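Look at the model below and follow the text with the structure open.

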Amino acid sequence: MKRRPAFTVIGAGLVGALLARLLALRGLAVEVFEKRPDPRLDGFTGGRSINLALAERGLKALRTAGLAESALAQAVMMRGRMIHAGAGNAELHRYGVDDREVLWSLSRAALNRLLIDAAEAAGARFHFGQALVGVDFSRRRLRLADGRGIAREVEAGVWLGADGAGSALRAAMAEVTPLGEHIEPLDHGYKELTIAPRHPGPGGRDGERFALEPHALHIWPRGGYMCIALPNADGSFTVTLFLPLTGEGASFARLADPAAAEAFFAADFPDLLPLIPRFATDYAAHPVGRLATLRLAHWHLDDRAVLLGDAAHAIVPFHGQGMNCGFEDALLLSDLLADTAPATAFAEFQRLRQPQADAIARMALENYREMRDGVVDPHYLARRALGLRLAERAPRHFMSRYRMVSFTCLPYAYALTRGAAQDALLDALLAEAGGDAARVDLDHAAGRLQAMLPPLP
């Protein structure tokens, strides 16, 4: 009987830990190497800390791993976007039709700890403080260095690279064969701030603990830039400011000084600033994060190594799909590796997932423009109103692109194509109605929709 291969996962972040759990549940031997210390012992350090928005794709993977209920127990439900357009006004734009279609805000660190515990319980072995510094693919050996720089070599199985956008395994693969790497930096960066709980501690009603409506993702759109705030289970909010990196207008280059940034907030976010009492301290302490889209022509090296998640296709965070997309990767790859030889599994994995990764990368960039500009644009609001009415009248034929991405597991590429066709029809209907969604004949619109598109699967 042929021996089943052992698997070496590089990276114990969200995707790597979930993949280890899924493979170990199938009885496969899994070793995980992570450069950072064990987050369960030393706290969560390094990496991006933007809050996670858990959606249906991620939930499906967690259900398969038997972890969905545990993850949701530490999450806060978000019904939609709370738009703070100015002058203290706020309006909720629901994500879906009801509370069956919501997103869940949860801590990256808490979820990572949950996944590591679960993977270990299933039989995976973790090695922390072990940075990948070299690979001998022909001998199937890894060279690792600990926190003191002391290196050692270990034998490896089949390499599965889940070590993020700065993947060391990807760099090692690129030394052996061209991967066709293409990085598109975004000219905007981000900085995190914190709204503290009104009353710290687990007790009290939501309205007593949270300084803002807790069951929403809050957005302060300001044209070329914005702030968002996501709720945390302890009653706090993580606030993220997205600004151009440079430029004559508002930019991180022009707001390097906390005093200048505070004056900017007082003028542009006057309702938000009073909720951040440690503004100057947080602004000075937190670095400016950079954002980019990563695309690769090749995700794998014959039967020896494959990349997944951000290591293969890092995207900007504006659709809340980076983790969800990575979890879909892990679920598919674990299924393929359970029944197929690695070389065949890796090729099929890239064939199936690369078009989806390309599609969500494009939609994430488009969603940034929508969040900072579109949510207060009259045409966007009219199109949204008409879309909601059509979703009620013809639910089997109309579903917004956002709903397809966030609340179904329809392929991303399908959501992109169908969403574009639906938007074109909505634009045509609004043009015929003089821009007034209320004047559109819904029966006529539904008929045109049904003639143009097949029912949703």
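A cavity is a set of grid points where a 1.4 Å probe fits but cannot get out. Rolling a probe the size of a water molecule over the atoms shows where empty space is left. The model shown here is predicted, and it holds two cavities of 30 Å³ or more.

Take the second largest cavity, with about 30 Å³ of space. Which elements give two or more residues to its lining? They are strand 17, helix 10 (310-313) and helix 12. Helix 12 gives the most, with three residues. The lining consists of Leu294, Arg295, Leu296, Trp299, Ala312, His313, Gln354, Ala357 and Asp358. Sorted by class, five of these residues are nonpolar, two are polar and two are charged.

Next comes a space of the open kind. The second largest pocket contains about 760 Å³ of space. Its lining is made of 29 residues, and those closest to the centre are Glu370, Tyr380, Arg384, Ser400 and Tyr402. At least two lining residues come from each of strand 6, helix 12 (342-372), helix 13 (378-393), helix 14 (401-407) and helix 15 (412-432). Which helix supplies the largest share of this lining? Helix 13 does, with eight residues. By class, the pocket lining has eleven charged, ten polar and eight nonpolar residues.

Strands of a sheet pair through backbone hydrogen bonds, either parallel or antiparallel. The sheet here is open and has seven strands, in the order 6-5-14-15-16-13-17, with mixed pairing. Strand 6 (89-94) and strand 17 (289-295) are the edge strands, and each pairs on one side only. From one strand to the next, the twist averages 25°.

Strand 5 (residues 80-86) runs parallel to strand 14 (residues 217-221), and the two pair over three bridges. Arg81 stands opposite Leu217 in strand 14.

The last stop is helix 3, which covers residues 56-64. Are Arg57, Gly58, Leu59, Ala61 and Leu62 in this helix buried or exposed? These five residues are buried, because each has under 20% relative accessible area, the cut-off for that word. Just after helix 3, the chain reaches Gly66, which takes a positive phi of about 75°.

Technical notes:
Residues numbered from 1 in each chain as written. Predicted model: local features only at pLDDT ≥ 70, side-chain atom pairs only at ≥ 80, totals over all residues. Heavy atoms only, no water. Pairing = 2+ DSSP bridges. Helix = DSSP H or I, 4+ residues; strand = E, 2+ residues; numbered from the N terminus. Axes fitted to C-alpha atoms, helices over the stretch in contact; angles between N-to-C directions. 1 Å grid on protein atoms, 1.4 Å probe; cavity = no way out; pocket = protein on both sides within 12 Å on 5 of 7 lines; lining within 4 Å. Points joined across faces, edges and corners; volume = space filled by probe spheres on them. Nonpolar A, V, L, I, M, F, W, Y, C, P; charged D, E, K, R; others polar. Buried < 20%, exposed > 50% of the residue type's maximum accessible area, 1.4 Å probe, protein only.
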